[in-house]
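This note goes through the structure point by point. Please keep the sequence and the model open while reading.

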Amino acid sequence: MTHGHRSLMDDIALESSRMFAKISQPTALLIDEVGFRKKGKMSACVSRQYLGCIGKTDNGQVAVAAGLSQGIHYTPIDMRLFMPKSWESDSLRRKKCNIPKDQQHHTKPEMAQQIIEQARLKGVKFDYVNFDALYGNATFLLNYLVDNHIDFIGDIRSDHLIYFNHDQNEKCRVDNYVGNLLNNDFEQITIRKSTKGPLKAKFHYSKVQVLAKENKLLDLILLVRKDTDGKTKYSLTNMEKDHIKELAQKQGQRIFVEQIFKEGKNLVGMGGYQIRGWHGFHNHMAICMMAMLLITKLKFETKNKKYTAATLKKS
């Protein structure tokens with residue numbers, strides 16, 4: 001069943017795709033989830049769950065979102081409300097919130113796959129998918145991307161198992177592997193310019209395998225990033241033809257999904273809704289996405305002018 005907000009979000013996605021296609025830089029499809037704190041129990045899919053906006057479990061709604069990003073530009077193209085398992089069979093609340101019968105519980109990585117499939121089906125152009133460890137640890141999602149020849153780079157957790165030489169007995173945790181590396185196993189790379197000057201980190205690149213469905217080993221690249229603050233990030237990618245510098249820059253592109261959520265809430269009121277229903281939530285998000293697309297177009301036209309709520313009122 002097609003719902004009203006769906007066609008609007010598809011139009012926004014295609015217009016965003018056309019906008020980024022005018023510039024010959026790699027375009028990322030960024031996947032992440034966003035939380036909205038809510039009181040009560042009657043807003044669609046509200047539950048006690050982890051909310052990234054406050055960094056802890058609380059009462060609220062969570063949506064899985066996608067955005068396109070290229071260089072320093074970014075805009076959201078899809079937003080789908082996550083349904084906790086407890087809502088799947090709650091006929092009373094589903095009816096009050098007008099949740100369509102065809103909407104059921106899916107895990108967030110399953111929703112991410114649906115978003116990617118929808119984008120490809122509608123003709124949205126992107127060069128690779130970028131996501132955090134929630135999705136990177138979902139091996140079925142990695143398997144889907146590899147099988148469909150979709151380039152990706154995704155973070156994984158420190159306890160993720162990696163394999164070597166196509167031998168299922170030759171394996172270790174990724175953090176243990178990195179703990180045995182020497183300083184000269186890393187290369188310092190400038191990721192991009194930032195407000196504080198060039199953003200640099202040390203990177204390591206290695207061919208590994210990960211175990212997927214039916215005991216299949218996927219050939220991937222492990223990219224390890226060590227920041228100047230001592231934090232270490234681990235990522236997997238299938239972009240084996242890319243130079244380590246290109247992979248480092250693509251891995252770093254994920255920061256802009258956080259900017260999408262930050263500007264969405266601060267500039268266009270993404271979190272400032274008083275709506276309980278399923279359709280109302282998605283309609284509100286579609287309107288916010290349309291406003292953010294306009295802001296991104298203005299940034300292109302005004303050579304990256306910084307927009308705030310005050311400057312937007314004057315525009």
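1. In which strand is the place of Asp219? Asp219 belongs to strand S11; helices (H or I, at least four residues) and strands (E, at least two) are DSSP runs, numbered from the N terminus. The model is predicted, so local features need pLDDT of at least 70 and side-chain atom pairs count only at pLDDT 80 or more, while totals for chains, interfaces and linings use all residues. Residues are numbered from 1 along each chain as its sequence is written, and side-chain values use heavy atoms, with hydrogens and water left out.

2. Asp219 is partly exposed, at a relative accessible area of 47%; buried means under 20%, exposed over 50%, and partly exposed in between (1.4 Å probe, protein chains only). Leaving aside neighbours within four places in sequence, Asp219 is in contact (heavy atoms within 4.5 Å) with His166, Val208 and Gln209. Thr237 is 18 residues from Asp219 in sequence, and their C-alpha atoms are 9.2 Å apart.

3. Gln209 stands opposite Asp219 of S11. Strand S10 (residues 197-211) and strand S11 (residues 217-226) run antiparallel and are joined by ten bridges; two strands pair if DSSP finds at least two bridges between them. Their hairpin has five residues between the strands, and there Glu214 takes a positive phi near 55°.

4. S10 also pairs with strand S9 (residues 187-194), in the antiparallel sense and over seven bridges. Ile189 has Ala201 in S10 as its bridge partner, and two residues lie between the strands of this hairpin. Ser194, which lies in S9, is partly exposed, with a relative accessible area of 34%.

5. Is Asp32 buried or exposed? Asp32, found in strand S1 (residues 28-37), is buried, with a relative accessible area of 8%. Among its contacts, leaving aside neighbours within four places in sequence, are Ala63, Asp132, Arg254 and Phe261.

6. Strand S3 (residues 56-70) is largely enclosed by the rest of the structure, because 13 of its 15 residues are buried. S3 pairs with S1 in the antiparallel sense over ten bridges, and Ala63 in S3 is the bridge partner of Val34. Five bridges join S3 to strand S2 (residues 47-51), again antiparallel, and eight join S3 to strand S4 (residues 73-81), which also run antiparallel. In the S2 and S3 hairpin, Gly55 takes a positive phi near 75°; in the S3 and S4 hairpin, Gly71 takes one near 60°.

7. Met79 in S4 is the bridge partner of Ala65. Of the 90 residues in the largest nonpolar core, Met79, Ile31, Ile116 and Val129 touch the most other members. Helix H10 (residues 278-301) gives the most to this core, with eight residues. Such a core is a set of buried Ala, Val, Leu, Ile, Met, Phe, Trp, Tyr and Cys residues joined through side-chain atoms within 4.5 Å.

8. How do H10 and helix H1 (residues 4-21) lie, and what is the angle at which they cross? Their axes come within 9 Å and cross at roughly 15°, which makes H1 roughly parallel to H10 (angles under 35 degrees count as roughly parallel, over 145 as roughly antiparallel, 65 to 115 as roughly perpendicular and the rest as oblique). The axes are lines fitted to C-alpha atoms, for helices over the stretch in contact, and angles run from 0 to 180 degrees between N-to-C directions. The contact includes Leu8 and Ile12 of H1 and Met289 and Leu293 of H10.
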